[in-house]
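Subject: Structure handover

Hi,

Here is the structure for you to look over. Please open it alongside this note.

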Amino acid sequence: MKDTIYLDNNATTRILDEVWQEMTPYFIQNYANASSVYHQMGRAANAAVQQSRAQVAEALNCTPKEIFFNSGATESINTVLQGVFDKYRSQGNHIITVATEHKAVLSCCEQLTKQGAQVTYLPVDNQGRIASDDLKNAITAKTILICLMAANNETGVLAEIEQVASICHKEDILFFCDATQAIGKVAIDLQQLPVDLLCLSAHKIHGPKGIGALYIRRKSKPIQLTPLVLGGGQENGFRGGTYNVPAIVGFGKAISMLSPQAYSNVRAYRDLLEAELADIPEIIVHGQNTPRLPTTSYISFKHVLASEIMTACPTLALSSGSACVTGSREPSHVLLAMGISKEDALSAIRFSLSILTTREEILQCAQLIKEAVQKIRDQSPIWQLYKAGLIG
């Protein structure tokens with residue numbers, strides 16, 4: 001796979017060498033259960049878990065006691081949505097989220113409606129952003145939770161989470177932020193940002209898969225959540241199961257190595273990619289006119305299927321949307337919500353970069369995409385009809 005140019009980093013990232021090196025001793029030398037604190041190896045494993053908890057907390061500027069380890073963002077999303085609804089439904093049954101949220105949120109909300117939840121899905125504009133007035137108008141006396149991602153996993157569009165957090169704080173409504181794509185790439189300071197609950201996953205920031213964390217703000221009136229996973233009382237009884245010590249150690253190391261400054265070159269490479277691809281007629285860069293992640297460019301190539309382009313470029317690792325929608329051939333729900341036609345949504349490719357992406361890879365990728373699009377369009381009757389002005 002050495003010849004593959006990997007630009008699918010919003011799906012997952014390559015583990016950094018330093019992260020792997022930090023993890024390996026806990027597979028082989030100190031493989032003890034971190035809950036076995038009555039012997040030296042177990043205490044050392046437990047200390048490693050607590051060190052990683054402190055590293056995650058430091059990156060978010062919160063306290064270690066507010067960080068709970070789990071398997072990743074999908075588990076966090078299910079824990080929060082189901083847990084809040086279960087604990088607060090006597091106060092209200094209304095949840096507000098956004099039409100462009102991750103499928104984990106949308107699927108969970110759909111399930112909760114079968115249990116009596118009322119869910120409002122806020123619309124977005126053509127750049128993928130909500131209007132604050134829509135949010136304010138959606139709030140009712142029964143609203144118990146507002147759920148909004150910090151950065152969209154497909155378009156990279158950044159939400160105005162500070163404004164949303166302020167509204168939630170004023171209305172005394174819990175605010176849950178899925179920050180999975182944003183962590184490490186944009187600044188998130190939980191001392192300044194009044195988010196109540198926030199989730200992240202290690203494998204999006206060059207850490208291992210299968211490990212994530214849920215932040216729960218400590219308040220004078222504690223936030224109530226029903227545990228999703230019961231077991232041996234780990235994580236203060238909030239999330240049962242044997243600690244995955246190597247993964248937790250890798251998570252801590254990965255998050256301690258990243259900062260928004262590390263992505264300055266990535267932003268330049270993303271802009272270079274878009275400048276190179278601008279030579280192609282009739283493309284749409286989604287969310288181009290609003291703040292985005294430095295890593296993400298989501299582009300539609302009109303009158304060409306994304307699947308055709310990716311098949312024609314076997315050395316490029318790309319995606320046509322969220323990798324979490326296994327086997328889906330449907331157009332992106334994110335783009336449809338933004339008012340993009342089904343045809344243009346099916347022609348969209350997501351290019352997602354990382355700190356390991358090089359300038360040479362970007363230039364090679366752009367060249368391969370340009371050649372593929374031209375070849376496919378040259379053989380396409382639909383493109384010829386478009387050029388003749390017979391179709392729009």
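First, the ground rules. This is a predicted model, where local features need pLDDT of at least 70, side-chain atom pairs count only at pLDDT 80 or more, and totals for chains, interfaces and linings use all residues. Residues are numbered from 1 along each chain as its sequence is written, and side-chain values use heavy atoms, with hydrogens and water left out.

**The sheet**

Helices (H or I, at least four residues) and strands (E, at least two) are DSSP runs, numbered from the N terminus. Two strands pair if DSSP finds at least two bridges between them. An open sheet has 7 strands in the order β2-β8-β7-β6-β5-β3-β4, and the pairing is mixed. β2 (67-70) and β4 are the edge strands, each with a single partner, so one side of each has no neighbour in the sheet. On average, neighbouring strands are turned by 20° against each other, direction ignored. Axes for such angles are lines fitted to C-alpha atoms, for helices over the stretch in contact, and angles run from 0 to 180 degrees between N-to-C directions.

**Strand β3**

Buried means under 20% relative accessible area, exposed over 50%, partly exposed in between (1.4 Å probe, protein chains only). In β3 (residues 94-98), 5 of the 5 residues are buried, so the strand is largely enclosed by the rest of the structure. His94, Ile96 and Val98 are buried on one side, Ile95 and Thr97 on the other. β3 runs parallel to β4 (residues 118-122), joined by 5 bridges. Ile96 stands opposite Thr120 there. From β3 the chain passes through helix α5 (residues 103-113) to β4, a right-handed β-α-β crossover. Right-handed means that, with the strands pointing away from the viewer, the path from the first strand over the helix to the second runs clockwise. β3 is also parallel to β5 (residues 143-149), with 3 bridges. Ile95 has Leu145 as its bridge partner in β5.

**Strands β6 and β7**

β6 (residues 174-178) and β7 (residues 197-201) pair in parallel over 3 bridges. Asp178 is partnered with Cys199 in β7.

**Helix α4**

α4 (residues 73-88) has 16 residues. Its buried residues include Ile77, Val80, Leu81, Val84 and Phe85.

**Gln261**

Is Gln261 buried or exposed? Gln261 has 60% relative accessibility, so it counts as exposed. Gln261 lies in the loop between α8 (245-257) and α9 (264-277). Gln261 and Gly184 are 77 residues apart in sequence, yet 9.0 Å apart in space, C-alpha to C-alpha.

Best wishes

Methods. The expected span of a helix is 1.5 Å times one less than its number of residues.
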